[in-house]
Structures are given as structure tokens and as C-alpha cells.
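Here is a short report on one protein chain. Keep the sequence and the structure open while reading.

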Amino acid sequence: MRRNIRSLLKTLLLAFLTVICTVVLFRLFRGTKQIEYAQKHNGPSAVFTPATNEKIDWHNYESIQKDMDRTGIGEHGHPAHLTASDSDKYDELDRTGIGEHGHPAHLTASDSDKYDELYKVNGFNAALSDKIALDRALPDIRNKGCKTKKYLKNLPTVSVIVPFHNEHWTTLLRTAHSVVNRSPPELLKEVILVDDCSTKAFSKKPLDDYLAANLTKVRTVHLPERSGLIRARLAGAHIATGEVLIFLDSHTEANVNWLPPLLEPIAQNYKTCVCPFIDVIQYETFEYRAQDEGARGAFDWELFYKRLPLLPEDLKHPTEPFKSPVMAGGLFAISQKFFWELGGYDEGLDIWGGEQYELSFKIWMCGGQMYDAPCSRVGHIYRKFAPFPNPGKGDFVGRNYKRVAEVWMDEYAEFIYKRRPKYRSIDPGDLSVGLGIRERLKCKSFKWFMETIAFDLPLKYPPIEPDDFAYGEIRNLAAPEFCVDTEFKERDQEFGLQECNKDNKKKGEQNFTLTWHKDIRPHGRSMCWDVSDYRDKGKVVLYPCHGGKGNQYWKYDIDKQWLIHGSNPRCLDCDPGQKKIYVTKCDTESKTQRWRFEHVDMKLLSNWESIGPS
Ligand SMILES: *[C@@H]1O[C@H](CO)[C@@H](O)[C@H](O)[C@H]1NC(C)=O
Ligand SMILES: *[C@@H]1O[C@H](CO)[C@@H](O)[C@H](O)[C@H]1NC(C)=O
Ligand SMILES: [Mn+2]
């Protein structure tokens, strides 16, 4: 009996040990990354909960007043220029005094050399940046309602993470100064500049010294080898101690009261990611302006970032955060807790590209939500060109996209491979970590994401492109020797009639497509017929296609043989004597308003309403 018990115990113990070993081995083998994530990061692990629902006005009026009183070049986001006649003034107003350059009273040959040289390595007017104060004032271009909006008195603390590689000295420091100056000190725990192995001399000791002396909340981490944007962000996040992580680009400027609108939605639900509005700092003049009044982030099926219009309910509340399907990428706030629950970024993503989709998809699909906050605005320099060579080998962006598609996009991945057949043969590497997260968090399907969150995306960016409605020459019935001819003209140029190519073998540009976007384009070009002239006989010009109807909306009425423009419909008409075309009131009696489109897809035309933009 006793022996039996002993042997039973032995068996149980053995079984128990086997289970333990298997679990340990399994985790070591498959779940290393997840365990590392859980241990590596420094942030608090508890969910932030506000102790009170009280709301307060977070504006710092003293600092706002100080900003209002500032004068000088580039102040208040006014456009600035480097010109000889201005240079006396530059000298006088120059407050930066950083770096080794002495400013000449007039633009000398060496000054304009410096302009060229700095432009070349930065892709923006860095010489001008050096003349603008690091703590310049910005215009408050928020919606009026933001100025009186109150936010929770209890908000989580923040670590701002700014990865950079060879960022220009003054644009980097302006980023840091703007964050420190425009954040409530009790909320801003730290700013971490992650130096992704920059080669510019000031990125090392001079930067560290400057921060130690002038910006004690800001510190740098110098990565020992070039890691790329994605791993640099992760490196910053791993050492951050704030409750919320905010990622910024290294050439940005935070605007007035930018922080509370980003933090409140996270305080209310930690599984929330919030993006600020991204304003434009013009690369040549450093002028600060809005890019628009907000849009929802999206993508097309080559994974180019796109934007969708706000929904009617969003428009009703212009100061409230609205849901956005995907983030633009560089600027966002997320709680440490949620970020690491999601596994951070996929560490298999190289350098840059696709990470904004990876994070956005998993935020939505794994129980979170993403908002854009109109009352939080951050300016960003959109470079004129990309100055740095990519450190990656081969098509690293394609490989990143394939990883995202394979882990998150389910059957929709096929739409991408249809357009980019090369992706089919790319080896995406080990996907087990991402797939493990999907399983562990019981994330929803991509179909759910498309139908619930990005429900209006397929209308604008159909996964399967519809065929075009019509193509070929467009011949006038009153003057059948004439066809519309855009003559290879460019943006904003008017065009009219020419003798038809077919009749006299001339080489005009007369092959047009009425696309499923409901615009008309000359064959092989992304230029569209555009009418913004609302007078009678409004002129028709070429303009880059925007696929968004409006001034570029055209419809072919095959019965009346009308080419109808716009939602307030007018008809294409012509003056054959002058070879001119224009739009005017439709008239069933007019023969000059009748056009023959060479090839028409009758079936598609009869389904007009259900295809493309409505
Ligand atoms: C601190 O800032 C001042 C003013 O911009 C500058 O002159 C000084 O060099 C900075 N200190 C260091 C150690 O860089
Ligand atoms: C005219 O355009 C259509 C549609 O883009 C194209 O299929 C066709 O080959 C073009 N014809 C000529 C003669 O270029
Ligand atoms: Mn950028």
C-alpha cells in the first residue's frame, strides 16, 4: 500500500517536473521576446486612474503672455527668409547663439555656401533655423473652443521620446525646448532623445553638456550602432519611466497646451492611443500653419498612407477627439501599460516603414482605440527631400509590409500582393511573436477592422479596382472634326479643341479616361480635368488628380451625350471657331454640348451610383 502511494507520488512528481520543464523550455524557445518585454521596460505597471473627475483649465497664461510679447525672426510662426537686406536685422535679433558659426552682417558668399550645404544634409533650410530662437512663439491656431476647454485635474505623467539620426542641432533643440516650455512640469517626467548613432559632432558631448546646463529634464541615450527609427523608439520606451509614452519626431514644435488633450482620453481608458494634429512647419521659411482641419488616417492597398474625411458626427464636435483608423506614424501618445501589453513594436521590423500600421491594427484589433485630438497641435517640418541614405539592405520596407500583412491583415493581404507581386517571394522571417500576441490577446479579425473602423476606406480605396467607365477620344457632335486635346499641358493650364488625331495623324493628347474615381485623365498621366471657375463659361484646366470629386467630378450621360461637371451640374460646351471649351448651363437644344466618348462601358455606366466615390 505504502509502496503504491510512494510510486504514485513519484509518478506525480515526475509528471509535474516534466510539465514545468516543458513550460519553461517552451517559453524560453517561443516566448523569449514576450518575457523580455515584460522585464525590460521601466514604466509603472499599474493602470493610471484619476483620483477625481474634477476638470481644470490647464493653460499656462504666464507663459502664453511671454510668448505673445516676443519679437524677432520667425516668431509667432511667421515665414522668415534669408536675404541680404534682412541680414542686419538677423544679426540684431539672433538669439540662438549656439554652435560655432559667427553671423556676418550681410549675406556673404560663405553664408550662402552654408545655406546650400546645410540644405543638402538636412532637406530643409537649416541655416534659417539657426537664426530663429529655440524657444520661439507659435501661433495659436486651435479651434476657438479649445481655448476654454477643461481637462481632468489628475492626469498621468509623461515620457517624451524623440529618436534622431543626424538631426540638425537647432531643430532638435527647438523640439526639446518647445516640449519643456509648453508642458506642465508636474506632468512631464522626462524627455529622452535617442541618438541613433548620429555622426554629427554636436550629437555627443556638446549635446549632453547643453542639456545638462540648460534643459535638465531632457537627456540623451546614444545607441552604439545604427538601429533605425523603430528600434530607436523601442530603446527610448524601454527606459522611460512616465505612465504615458509620447513619441515625437526630432524636428517638431509642440504648441500651446498640447499635453492635456492627449492625456485625458488615456486617463479615462488606458487602452487608448491619441495623436495630436500635425501642423506644417514649412521647410524653406519655417512658417507655421495648419495642413487641414483634421482627417482620419487610412491607407491604400500599396500601403501608402492616406486620409479619409471626418464623419458627420465628428464635424459636430470640432474640439472633441475623433476615432482614426490608423496613425500617421511619428507623433502619438500611448500608455506604457497598453504599449507593452501589445508587445511594443514588432522587433522584426527594420529601420522604418509599416510600423504605424502594425501598431494601429493591433491597437484596434486587440481591444484598444485610437483618437486624434484636435486641441493638441504639434508642428512638424516636412522635408523637401530625404537627405540620409537608408541604412537598410534590400527592400526592407517591403519586408516590413509583408510582416504586417502576414500577421494582421488575414485574407486582405492578398490585395496587397496583387499590386506588389514581388512581396509574395519576400521571406518575412519569424512571425511567431506577433502571431502569439494576436492569439494571447484574442484580437479581432482584420475583416472586423475593415467593416467597423475603416468602413468607408474601400469606397475611396477599393481593394479591387473597378474598371474605368469610358476611354478614347472625345469628339464634338456640332464640329465632328474636333476632339478635346490637352496637348501634354501642365498643372493650371487651360486646354481646348484640336483636329482629331485619328483623322489627320496629328500627335495631340486626345486619349482620355473617365476613371472609376469619376474624373477625366489624359492617358498615362495623373492629371485631371478641373473646373474651379464658377462664372458662366467656366474654364477647364489640368490639375493633379485628387480622386476626391469636387472640382474634378465628371459624369457622362450617354443618352444626352453630355459631359456633366460637378455636383451643381454644368455641361461641357465649346466654341469650335475659337477651339475653346468651357462649362455652362446644360441645354438639351445645344449641339455644341454633345460629345461622343469613343469607348463606353455601358454596364458600368448604368451602375454609376454604386461604383467609386458617391
Ligand atoms: C546653455 O544655453 C546658452 C544659451 O543658449 C548657451 O550659450 C550655452 O552654451 C548653453 N550651455 C551649454 C553647456 O551648452
Ligand atoms: C487609350 O487609353 C486606354 C485606357 O487608358 C488604353 O487602354 C489604350 O491603349 C489607349 N490607346 C492608345 C491609342 O493609346
Ligand atoms: Mn519627420
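## A residue to start with

Is Asn 257 buried or exposed? Asn 257 counts as buried, because its relative accessibility is 7% and the limit for buried is under 20%. Note that this is a predicted model.

Asn 257 sits in the loop between strand E7 (252-254) and helix H10 (259-268). Its backbone also deserves a look. Asn 257 is not a glycine, yet its phi is positive, near 55°. Most residues other than glycine have a negative phi.

## Overall make-up

The protein has 614 residues, and 52% of them count as buried. Its secondary structure comes to 20 helices and 26 strands.

Take the contacts with a separation of 6 or more: 74% of them join residues 24 or more positions apart.

The largest nonpolar core has 64 residues. Phe 299, Trp 301, Phe 339, Phe 361, Met 409, Phe 446 and Phe 449 have the most contacts inside it. Which helix gives the largest share of this core? That is H14, with 7 residues.

Phe 361 shows how such a residue is surrounded. Leaving out residues up to four places away in sequence, Phe 361 touches Phe 299, Val 326, Cys 366, Val 404, Trp 408, Met 409, Phe 446 and Phe 449. A second core is separate and has 44 residues. Leu 187, Tyr 210, Ala 254 and Tyr 371 are among them.

## Helices H13 and H14

Helix H13 covers residues 355-365, and helix H14 covers residues 396-408. Their axes are 10 Å apart and meet at an angle of about 15°. H13 and H14 are therefore roughly parallel, as angles under 35 degrees count as such. The crossing of H13 past H14 is left-handed.

On the H13 side, the contact uses Tyr 357, Glu 358, Phe 361, Lys 362 and Met 365. On the H14 side, it uses Tyr 401, Val 404 and Trp 408. By class, this contact of H13 with H14 holds 6 nonpolar residues, 2 charged residues and no polar ones.

## Helices H7 and H8

Helix H7 (residues 169-181) packs with helix H8 (residues 205-214). The angle is about 30°, and the axes lie 12 Å apart. H7 is therefore roughly parallel to H8. H7 passes H8 in a right-handed crossing.

Which residues of H7 meet H8? Trp 169, Leu 172, Leu 173 and His 177 do, and their partners in H8 are Pro 206, Leu 207, Tyr 210 and Leu 211. The contact of H7 with H8 has 7 nonpolar residues, 1 polar residue and no charged ones. Tyr 210 of this contact also belongs to the second core.

## Loops and backbone

Cys 197 is in the loop between strand E4 (188-195) and H8. Its phi is positive, about 55°, although Cys 197 is not a glycine. Cys 197 is partly exposed, with a relative accessible area of 25%.

Helix H16 (residues 432-440) has Val 433, Gly 434, Gly 436, Ile 437 and Arg 438 as its buried residues. Just after H16 comes Lys 442, with a positive phi of about 50°. Lys 393 lies in the loop between strand E14 (369-381) and H14. Lys 393 counts as exposed, at 78% relative accessibility.

Ser 129 is in helix H6 (residues 126-129). Its relative accessible area is 0%, so Ser 129 is buried. Beyond residues up to four places away in sequence, Ser 129 touches His 168, Thr 170, Thr 171, Arg 174 and Phe 286.

Where is Ala 137? Ala 137 lies in the loop between H6 and strand E2 (151-152). Ala 137 is buried, with a relative accessible area of 1%. Neighbours within four places aside, Ala 137 is in contact with Asp 67, Arg 70, Gly 74, Glu 75, His 76, Gly 77 and Arg 182. Ala 137 and His 78 are 59 residues apart in sequence, and their C-alpha atoms are 9.7 Å apart.

Notes:
Residues numbered from 1 in each chain as written. Chains lettered and ligands numbered in written order. Predicted model: local features only at pLDDT ≥ 70, side-chain atom pairs only at ≥ 80, totals over all residues. Heavy atoms only, no water. Axes fitted to C-alpha atoms, helices over the stretch in contact; angles between N-to-C directions. Helix = DSSP H or I, 4+ residues; strand = E, 2+ residues; numbered from the N terminus. Parallel < 35°, antiparallel > 145°, perpendicular 65-115°, else oblique. Left-handed = near helix turned anticlockwise from the far one by under 90°. Contact = heavy atoms within 4.5 Å. Nonpolar A, V, L, I, M, F, W, Y, C, P; charged D, E, K, R; others polar. Buried < 20%, exposed > 50% of the residue type's maximum accessible area, 1.4 Å probe, protein only. Core = buried A, V, L, I, M, F, W, Y, C linked by side-chain atoms within 4.5 Å.
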